[in-house]
Amino acid sequence: MNAAQLRGVLIEVLASTREPMTTSAARIALSQRAGDRVRPVVAEEVYRALLILQRHGAVRRVHDQPGRLAHWELTQSARPPAQQGQRQ
């Protein structure tokens, strides 16, 4: 999976949840979706992809979650039309 594909799948993963997701949970969800078809993705790759998506305005880091782990969610503009108005 190249970097652009990783970012695309991350958007799909974040769109499929109602709550913010940690970097580790996103990595696990990516691995489950890909199965054995691709090499395992490491947390650093996922974090880097999330930072790029954040710079492009597709995701935001959520700071009101418990603990010290980074939590992420889609911005309203990145959500599919059926999900507009959820959280945020």
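Select helix H3, residues 43-55: H3 lies across strands S2 and S3 and runs at about 110 degrees to S2. Keep in mind that this is a predicted model.

**The sheet**

Now show the strands. Three of them form an open sheet, in the order S1-S3-S2, with antiparallel pairing. Colour S1 (21-22) and S2 (59-62) as the edges; each pairs on one side only. Next, select S3, residues 71-74, together with S2. Four bridges join this antiparallel pair. Zoom in on Val-59: across from it, in S3, stands Leu-74.

**His-71**

Stay in S3 and pick His-71, which has its place in that strand. Is His-71 buried or exposed? Its relative accessibility is 9%, so His-71 counts as buried, the cut-off being under 20%. Draw a distance from the His-71 side chain to the backbone oxygen of Leu-69: the reach is 3.0 Å. Then show the contacts of His-71, leaving out residues up to four places away in sequence. They include Pro-20, Met-21 and Thr-22. Arg-60, Arg-61 and Val-62 are also touched by His-71. Gln-65 and Pro-66 complete the list for His-71.

**Helix H1**

Go to residues 3-15. This is H1, with 13 residues. From first C-alpha to last, H1 reaches 18 Å, close to the 18 Å expected at 1.5 Å a residue. Look at the start of H1: a side-chain oxygen of Asn-2 comes to within 3.0 Å of the backbone nitrogen of Ala-4. Now select Leu-6, Val-9, Leu-10, Val-13, Leu-14 and Ala-15; these residues of H1 are buried. What do the buried residues of H1 pack against? Show S1, H2, H3, S2 and S3: these are their packing partners.

**Helix H2**

Move on to H2, residues 23-34. The end C-alpha atoms of H2 are 17 Å apart. That agrees with the 16 Å that its 12 residues should span at 1.5 Å a residue. Which residues of H2 are buried? Select Thr-23, Ala-26, Ala-29, Leu-30 and Ala-34. Look down the axis: these residues cover an arc of only 125 degrees, so they sit on the same side of H2. The cover over the buried residues of H2 includes H1, S1, H3 and S3.

Finish at Gly-35, which follows H2. Check its phi: the value is positive, near 60 degrees.

Terms used:
Residues numbered from 1 in each chain as written. Predicted model: local features only at pLDDT ≥ 70, side-chain atom pairs only at ≥ 80, totals over all residues. Heavy atoms only, no water. Pairing = 2+ DSSP bridges. Helix = DSSP H or I, 4+ residues; strand = E, 2+ residues; numbered from the N terminus. Contact = heavy atoms within 4.5 Å. Axes fitted to C-alpha atoms, helices over the stretch in contact; angles between N-to-C directions. Expected span 1.5 Å × (residues − 1). Buried < 20%, exposed > 50% of the residue type's maximum accessible area, 1.4 Å probe, protein only. Polar contact = N/O pair within 3.5 Å; in protein donor to acceptor, adjacent residues only side chain to side chain. Arc of directions from axis to C-beta.
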